Amino acid sequence: MRNLRLNSDSRRAARGDRAGALIRTGRILSRLGYLDEQFCQVEDLQDEASPNFAEEVATLFFKDSARLISNVEQALEKYPKDFNRWDAYMQQLKGSCSSIGASRMKSECMSFRDYCGQGNVEGCMRSFHKVKREHGALRQKLEAYFQLLRQAGPAGAATRPGM
Amino acid sequence: MEVTAAAGACCRGRGDHHAGEEERSSAKVVVPVGSDGAEVEPCVIAVDDSSVDRALVTALLRRSKYRVTAVDSGKRALEILGSEPNVSMIITDYWMPEMTGYDLLKKVKESSKLKQIPVVIMSSENVPTRITRCLEEGAEDFLLKPVRPSDISRITTRMLLH
């Protein structure tokens, strides 16, 4: 009986650890500015019929954004100083970032568009490099967050941190 | 006979469908029916080339109990409009390749069969001339992305009053 109690206590402690890690990860993502309140709106759309909606949307976002980043990259290469074209492609990426709440990435997209407006090639290249870096960082962090969510299970989902 | 209008429905009789008329007290509501006599549930057509935004607006509309058909282009939306029997609203992104939301709006409003369908435009950019142009062309509303639940509540409430 004592062993059973210990096992039960261990399991409870493990769940608590995972829930705590989940909360810490969520707050880090928010405090560091990776995600804004729009991501909360996406998570709020989860229900019994779509329990993994946020992760599904994130998957769509990374598929879409990879394509859009590739479009920008090709445009930078094939159409030198075509700031209108560069801006049009980046506008699409910025819109996608807004929809999921990817605030740091969105901010770099806006910098890129500002540099397009100024006709500043070097500025565009620098900010595009930052867009890609933020994209990679966000992907890593969200993958970790969703993995924690899966481990935490329904109980963890119920106590999901408000960002 | 009793009226059975679905929650959130905007019943709109169309000339190309057989409509059954039923009465409850003093109200007369036209509920479209298919060729088999079954009621056709109204639906919203959501148009956006962004898969993320399609997923989000679909989820928001389904939360308001609408049946949603989501497509990625104006051209595809027009194909659906030709076959979908009971469309209560079109909600479309403004900026799409090939056919913009504005182009789609114009085509809908120019069509005798489709012009009564309310069209809502969405855009990630707040461009006053764009908004004015769409409203003048007959758009029901213009929403800035990201679309919020309160935006959907506002437009669906207005649809109920149509």
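A crossing of two helices is termed left-handed if the near helix is turned anticlockwise from the far one by less than a right angle, and right-handed if clockwise. In the predicted model described here, local features need pLDDT of at least 70 and side-chain atom pairs count only at pLDDT 80 or more, whereas totals for chains, interfaces and linings use all residues. Residues are numbered from 1 along each chain as its sequence is written.

The crossing of α4(A) and α5(A) is left-handed. Helix α4 (residues 83-100) and helix α5 (residues 103-118), both of chain A, pack at an angle of about 160 degrees with their axes 9 Å apart. The two helices are therefore roughly antiparallel to each other, a term applied to angles over 145 degrees. Contact (heavy atoms within 4.5 Å) involves, among others, Phe83(A), Trp86(A) and Met90(A) of α4(A) and Met105(A), Phe112(A) and Arg113(A) of α5(A). By class, this contact has 10 nonpolar, two polar and four charged residues.

The largest pocket holds about 410 Å³ of space. A pocket is an open set of points on a 1 Å grid, where a 1.4 Å probe fits, with protein on both sides within 12 Å along at least five of seven lines; lining residues have an atom within 4 Å of a point. Of the 21 lining residues, the closest to the pocket centre are Gln91(A), Gln92(A), Asp49(B), Asp93(B) and Trp95(B). Helix α4(A) gives the most to this lining, with seven residues. The lining divides into six nonpolar, seven polar and eight charged residues.

Key: Chains lettered and ligands numbered in written order. Heavy atoms only, no water. Axes fitted to C-alpha atoms, helices over the stretch in contact; angles between N-to-C directions. Helix = DSSP H or I, 4+ residues; strand = E, 2+ residues; numbered from the N terminus. Parallel < 35°, antiparallel > 145°, perpendicular 65-115°, else oblique. Nonpolar A, V, L, I, M, F, W, Y, C, P; charged D, E, K, R; others polar. Points joined across faces, edges and corners; volume = space filled by probe spheres on them.
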